[in-house]
Each structure stands twice: as C-alpha cells, then as structure tokens.
Amino acid sequence: MTEATEAAKPRRRWLTFAEITTVIALAIGAANFWESHREREEKRAAAAAPQKAPAKPLVLVSTIEDGGNALRLSATGADRVIQTQTIVFPAALGVGSIDTVGNPHVDAGWFASGLRKALGKERVQGRLPIGIITRYTDQGTERTDIATYDIGHGWRERILQSDAPDLEGITLIARLKTEAELQQNLDARWRQRHPDPEADAT
C-alpha cells in the first residue's frame with residue numbers, strides 16, 4: 001500500500017461523514033418545510049370553510065286550536081324540531097306539571113279548574129304565567145330551553161258547566177338558566193299580579 005493510499009483513507013472517511021450529516025440536515029429541513037406547509041394548508045381550509053352561526057335563542061309561537069281550548073306550539077326556525085316539553089304552572093293553581101312527547105301544545109283543561117279556584121270571582125281577561133322546558137334538536141344538535149311565557153286568555157261561559165279559559169296565545173317573558181329557577185320565577189310573577197290580601201295585611 002502506497003503513501004498516497006494511506007493519506008487518502010482519513011479524507012474518504014471525513015467526506016462520508018460530511019455527506020451523512022448533509023443528508024440528515026436536508027431531511028430535517030424537508031420535514032420542517034412539509035410541516036409548515038401542512039399547517040398553512042389547514043389554516044387556509046379552515047378559513048375557507050363556512051362558519052356556523054351561533055345558535056339563536058328558541059322562541060315558541062302558538063296557534064289557537066279547538067276554538068280556544070288549546071294552543072299548538074311550534075319553534076321558530078325550519079331546522080328546529082321539538083322533541084319533548086314540560087309545562088309548569090304557578091303553585092297557587094295546585095296543578096302538577098304536564099309532559100308532552102312529540103305533540104307540543106297547551107290544553108286549557110290542564111289548569112282550568114285550578115285557575116278558577118285561584119282567581120275566585122276575579123275571572124276577567126288576563127294572563128297566566130307558565131314555564132316551558134323544551135328539549136329540541138337544532139340542525140341535529142340536541143338543546144334544552146327553559147323559559148317563562150304568559151298565556152293570554154279570556155273566559156267562555158258554558159251552559160250547565162263552569163266557565164272555561166279561552167286561550168288566545170303565548171308571549172315570551174324570560175329565559176332562565178336552570179330548572180330550579182323556574183318555579184320560583186312563576187310563583188313570583190303570579191304573586192305580582194294576584195297579591196294575597198291576607199299576606200299584605202300581616
């Protein structure tokens with residue numbers, strides 16, 4: 001083996017190491033470039049995608065049925081479908097809550113007797129506060145709305161029967177965060193409109 005060959009050995013090993021280092025550096029640089037490119041593409045795609053508008057609060061509307069004996073309830077918005085509802089009444093009526101499934105409505109027969117007793121002779125055109133817990137789907141997303149509404153009503157005289165509430169429609173009063181607030185809100189609203197004379201005298 002000549003001196004030239006011996007002198008070339010370390011140099012060849014050095015060049016091989018340098019090449020490996022260069023390849024590694026290129027690979028790292030390419031990976032970083034690809035990652036950066038992918039992030040930019042994801043951001044572009046997210047920016048181009050249609051943004052979903054935030055859910056709008058539910059508002060129920062009513063249609064008079066059965067000559068004023070009932071109200072058919074429906075949700076505003078074509079993509080909203082009511083699944084179940086719980087109708088809650090002021091405690092003064094002595095009426096338990098009513099659940100409906102796939103048939104959103106309010107029937108005067110649910111509370112007519114309790115309302116007559118609570119009002120006594122004070123049976124004039126007025127408003128009855130009720131609570132409505134609505135479970136519904138909004139574009140496929142399940143949601144729950146808790147709110148108080150006023151039912152507008154008059155009174156209809158009947159032959160050989162007690163007069164009955166004549167339902168006119170509903171109006172949204174307040175939207176609540178929890179079901180626990182609902183009964184308190186209803187009772188406070190009832191007392192505001194129908195103060196107890198005995199309670200006021202004490």
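**Figure 1. Overall architecture of the protein.** From the N terminus on, the elements of this protein follow the order α-β-β-β-β-β-α-β-β-β-α-α, and the structure shown is a predicted model. Counted by type, the secondary structure amounts to four helices and eight strands. Of the 202 residues in the protein, 31% are buried, and the accessible surface comes to about 13,300 Å², with 55% of that area belonging to carbon and sulfur atoms. Where contacts join residues at least 6 apart in sequence, 57% of them link residues at least 24 apart.

Figure 2. Five strands, arranged in the order 4-3-6-7-8, form an open sheet in which the pairing is antiparallel. Strand 4 (98-101) and strand 8 (161-176) stand at the edges, and because each has a single partner strand, one side of each is left without a neighbour in the sheet. On average, and with direction ignored, neighbouring strands of this sheet are turned by 30° against each other.

**Figure 3. Pairing of strand 3 with strand 6, and the helix lying across the sheet.** Strand 3 (residues 80-88) pairs with strand 6 in the antiparallel sense, and the pairing extends over eight bridges. Within this pairing, Arg80 has Asp138 of strand 6 as its bridge partner. Helix 3 lies across strand 3, strand 6, strand 7 and strand 8, and runs at about 160° to strand 6.

**Figure 4. The salt bridge between Arg143 and Asp138.** Asp138, which is the bridge partner of Arg80 in strand 6, also forms a salt bridge with Arg143, the closest N and O atoms of this pair being 3.5 Å apart.

**Figure 5. Salt bridges around Asp150.** The structure holds nine salt bridges, and one of them is formed by Arg127 with Asp150, with 3.8 Å between the closest N and O atoms. Since Arg127 lies in strand 6 (residues 126-138) and Asp150 in strand 7 (residues 141-158), this pair ties together parts that are 23 residues apart in sequence. Arg127 counts as partly exposed at 44% relative accessibility, while Asp150, at 1%, counts as buried. The side chain of Asp150 also meets that of Arg189 in a salt bridge, at 2.9 Å from N to O. Because Arg189 lies in helix 3 (residues 179-193) and Asp150 in strand 7, this second pair ties together parts that are 39 residues apart in sequence. Both Arg189 and Asp150 are buried. Through salt bridges that share partners, Arg127, Asp150, Arg189 and Arg193 are joined into one network. In general terms, side chains of opposite charge can pair when their charged atoms come close.

Figure 6. Val59, Val61 and Leu172 make a nonpolar surface patch of about 180 Å². Among these residues, Val59 is placed in the loop between helix 1 (3-48) and strand 1 (60-65).

How values were computed:
Residues are numbered from 1 along each chain as its sequence is written. This is a predicted model: local features need pLDDT of at least 70, side-chain atom pairs count only at pLDDT 80 or more; totals for chains, interfaces and linings use all residues. Side-chain values use heavy atoms; hydrogens and water are left out. Helices (H or I, at least four residues) and strands (E, at least two) are DSSP runs, numbered from the N terminus. Buried means under 20% relative accessible area, exposed over 50%, partly exposed in between (1.4 Å probe, protein chains only). Contact means heavy atoms within 4.5 Å. Accessible areas come from the Shrake-Rupley method with a 1.4 Å probe; for residues, only the protein chains shown count as cover. Patches are made of residues with over 30% relative accessible area and no salt bridge: like charges are joined within 9 Å, nonpolar side chains (Val, Leu, Ile, Met, Phe, Trp, Tyr) within 5 Å. A salt bridge is a side-chain nitrogen of Lys or Arg within 4 Å of a carboxyl oxygen of Asp or Glu. Two strands pair if DSSP finds at least two bridges between them. Axes are lines fitted to C-alpha atoms, for helices over the stretch in contact, and angles run from 0 to 180 degrees between N-to-C directions.
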